[in-house]
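Visitor: I'd like to go through a few labels on this one and hear what backs each of them up.

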Amino acid sequence: MKTSLLEEKIARYKNGDKSAFDYIYEQTYKPLYFNILYYVKDKGCAEDVMHDTYLKALANLSSYQGGTNFIGWLCKIGKNLALNFLEKRKREISTDFTEPFFGDGYEQETPYIFELAQKILSEEEYRIVMMC
């Protein structure tokens, strides 16, 4: 019964009845959300990807073949967008400056330099260097 009503609402949405989206959303948001959350592992990101999924699905609703599994079709779009999101996030450089970044090799050289400075400089000069 729910499936046939969902198909009816999809057909109504395709024909321009935008109010049918409320029912479509109510019937599909939970499986879609948990499908996306499985991939992105973050609630906020899952909500963002879910939003994008609905936008993409509604824009391409004409390619959906009525009578097939709409939730499966929607989850497939969500999965693809979630994987694209993860790929994009992997290429981004973190700008979180709360954690030290030693990506250019100075991590191992820094302690040696300070040890050397402590041996060579006077105590006052060494404190000045350490303040910088």
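Guide: Here come some labels, each set against its cut-off.
Guide: This is a predicted model, where local features need pLDDT of at least 70 and side-chain atom pairs count only at pLDDT 80 or more, while totals for chains, interfaces and linings use all residues. Residues are numbered from 1 along each chain as its sequence is written, and side-chain values use heavy atoms, with hydrogens and water left out.

Visitor: Why is K9 called buried?
Guide: Buried means under 20% relative accessible area, exposed over 50%, and partly exposed in between (1.4 Å probe, protein chains only). K9 has 16% relative accessibility, so K9 counts as buried.

Visitor: Which residues does K9 touch, leaving out those up to four places away in sequence?
Guide: A20, Y23 and I24, where contact means heavy atoms within 4.5 Å. K9 is found in helix α1, residues 2-14; helices are DSSP runs of H or I, at least four residues, numbered from the N terminus.

Visitor: What makes the nonpolar surface patch?
Guide: I113, F114, V129 and M130 make it, at about 310 Å². The elements giving two or more residues are α5 (106-120) and α6 (123-131). For a patch, residues need over 30% relative accessible area and no salt bridge, with nonpolar side chains (Val, Leu, Ile, Met, Phe, Trp, Tyr) joined within 5 Å and like charges within 9 Å; a salt bridge is a side-chain nitrogen of Lys or Arg within 4 Å of a carboxyl oxygen of Asp or Glu.

Key
Areas by Shrake-Rupley, 256 points an atom, 1.4 Å probe, with all protein chains shown as cover.
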